[in-house]
Number of protein chains: 2
Amino acid sequence: MTTTEMPDLRESLRAAGLRATEQRVAVLQALSSQPHADAAGVLAAVTPTLPDTSVQAVYGILGALTDAGLVRRIEPAGSPARYELRIGDNHHHIVCSNCGAIGDVDCAVGHAPCLTPSSTSGFTITTAEVTYWGLCPDCAAGPVA
Amino acid sequence: MTTTEMPDLRESLRAAGLRATEQRVAVLQALSSQPHADAAGVLAAVTPTLPDTSVQAVYGILGALTDAGLVRRIEPAGSPARYELRIGDNHHHIVCSNCGAIGDVDCAVGHAPCLTPSSTSGFTITTAEVTYWGLCPDCAAGPVA
DNA sequence: GTCCTAGTTTTGAATGATTCAAAACAATCG
DNA sequence: CGATTGTTTTGAATCATTCAAAACTAGGAC
């Protein structure tokens with residue numbers, strides 16, 4: 001149940017060198033139920049239980065969690081930043097160009113070398129990020145409706 | 001010379017169904033000299049010749065040009081939108097995580113199949129966008145200085 | 001268990017990028 | 001050359017995000 005998750009979440013926070021506050025636990029829980037929530041979505045999910053939580057706190061928490069490596073921030077064009085708990089695997093995302101919905105795309109193992117660019121313009125590359133654009137099932141079904 | 005380019009630019013605009021205004025020509029010229037300029041950069045480049053150009057006009061023009069397919073808009077995380085004239089080839093970009101500089105990366109032919117995702121979460125995919133992150137030559141040379 | 005202190009959150013305000021709306025204007029067609 | 005419709009100006013508003021100072025609290029120390 002939800003109650004049993006909390007100790008684990010508190011542990012993760014402590015392990016990452018962060019204080020285990022109610023808000024932080026709540027933010028992590030929010031992200032586990034809403035895999036690609038933005039700051040507003042997280043706030044909305046947290047408010048029922050912790051009504052005094054401010055927007056700034058959410059940004060602060062998400063920033064701290066991101067810095068600590070507990071969450072990953074994704075910023076698709078035209079959308080506010082989204083946050084997710086799936087970290088440590090370099091999976092990618094597919095964004096619905098109609099409604100902004102986001103889906104996970106597992107990184108196809110063995111394909112990694114293909115992401116090595118042919119010309120680097122002299123840049124030193126550290127990461128390759130892939131974003132797919134298309135239509136989510138709902139929008140593909142009824143684009144206008 | 002710069003003067004000889006103008007007729008061509010005007011032609012392109014007309015061909016795209018857009019009126020050939022001074023500002024639009026100037027914006028196109030700005031983008032040809034500054035390959036990955038943002039709205040502010042374009043405005044700065046246009047102002048010397050057309051001092052009355054407003055920020056909103058630049059946004060309007062860039063939007064119109066983008067819709068018409070004459071320019072491509074790229075929006076790296078943490079950076080204002082950039083615009084470029086290189087269209088029609090699906091090349092990608094490398095962004096300096098230190099200073100935000102952007103370089104072009106030619107799409108490695110033959111690698112395209114690797115961009116086919118393994119699982120699409122039910123989405124219909126139309127585009128795959130790759131962004132590389134790293135350090136530009138300058139920042140790699142002296143990261144702190 | 002209580003106190004202290006550094007790390008957190010609240011409160012309040014500001015910033016930057018971008019967009020909206022209405023009025024003034026100008027490129028193109030006839 | 002005049003009308004029409006698309007474009008730009010002017011002026012203001014919106015959204016996501018960040019800054020700063022004061023109030024607060026988790027967790028270690030005693």
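The surface near DNA strand C is made up of 10 nonpolar, 9 polar and 7 charged residues. The model is predicted, and within it 34 residues of chain B contact 34 residues of chain A. Strand E6 of chain A and strand E6 of chain B pair in the antiparallel sense, while helices H3 and H4 of chain A are roughly perpendicular to each other.

**Surface near DNA strand C**

- There are 26 residues around DNA strand C, and those that come nearest are A:Thr21, A:Ser54, A:Ala57, B:Ala20 and B:Ala81.
- From chain A, helix H2 (22-33) and helix H4 (55-68) each supply at least two residues of this surface.
- From chain B, helix H3 (39-46) and helix H4 (55-68) likewise each supply at least two residues.

**Contact between chains A and B**

- Contact between the chains involves 34 residues of chain B and 34 residues of chain A.
- On the side of chain B that touches chain A, two or more residues come from each of strand E4 (92-96), strand E5 (102-105), strand E6 (124-135) and helix H5 (137-141) of chain B.
- Strand E6 of chain B gives the most to this side, with 12 residues.
- The side of chain B that touches chain A comprises 18 nonpolar, 12 polar and 4 charged residues.

**Strand pairing**

- Strand E6 of chain A (residues 124-135) is joined to strand E6 of chain B by 11 bridges, in the antiparallel sense.
- Within that pairing, A:Ala128 has B:Tyr132 as its bridge partner in strand E6 of chain B.
- Inside chain B, strands E4 and E6 pair in the parallel sense over 4 bridges.
- B:Tyr132 in strand E6 of chain B is also the bridge partner of B:Ile94.
- In a regular strand, side chains alternate between the two faces of the sheet.

**Packing of helices H3 and H4 in chain A**

- Two packed helices are described by the angle and the distance between their axes.
- The axes of helix H3 (residues 39-46) and helix H4 of chain A come within 10 Å and cross at roughly 115°.
- Helices H3 and H4 of chain A are therefore roughly perpendicular to each other, and their crossing is right-handed.
- A:Ala39, A:Val42 and A:Leu43 of helix H3 meet A:Val55, A:Val58, A:Tyr59 and A:Leu62 of helix H4.
- This contact of H3 with H4 in chain A has 7 nonpolar residues, with no polar and no charged residues.

Notes. Residues are numbered from 1 along each chain as its sequence is written. Chains are lettered from A and ligands numbered from 1 in the order in which they are written. This is a predicted model: local features need pLDDT of at least 70, side-chain atom pairs count only at pLDDT 80 or more; totals for chains, interfaces and linings use all residues. A residue is near a molecule or strand if its C-beta atom, placed from the backbone, lies within 6 Å of it. Ala, Val, Leu, Ile, Met, Phe, Trp, Tyr, Cys and Pro count as nonpolar, Asp, Glu, Lys and Arg as charged, and the others, Gly among them, as polar. Two residues are in contact if their C-beta atoms, placed from the backbone, lie within 7 Å. Two strands pair if DSSP finds at least two bridges between them. Axes are lines fitted to C-alpha atoms, for helices over the stretch in contact, and angles run from 0 to 180 degrees between N-to-C directions. Angles under 35 degrees count as roughly parallel, over 145 as roughly antiparallel, 65 to 115 as roughly perpendicular and the rest as oblique. A crossing is left-handed if the near helix is turned anticlockwise from the far one by less than a right angle, and right-handed if clockwise.
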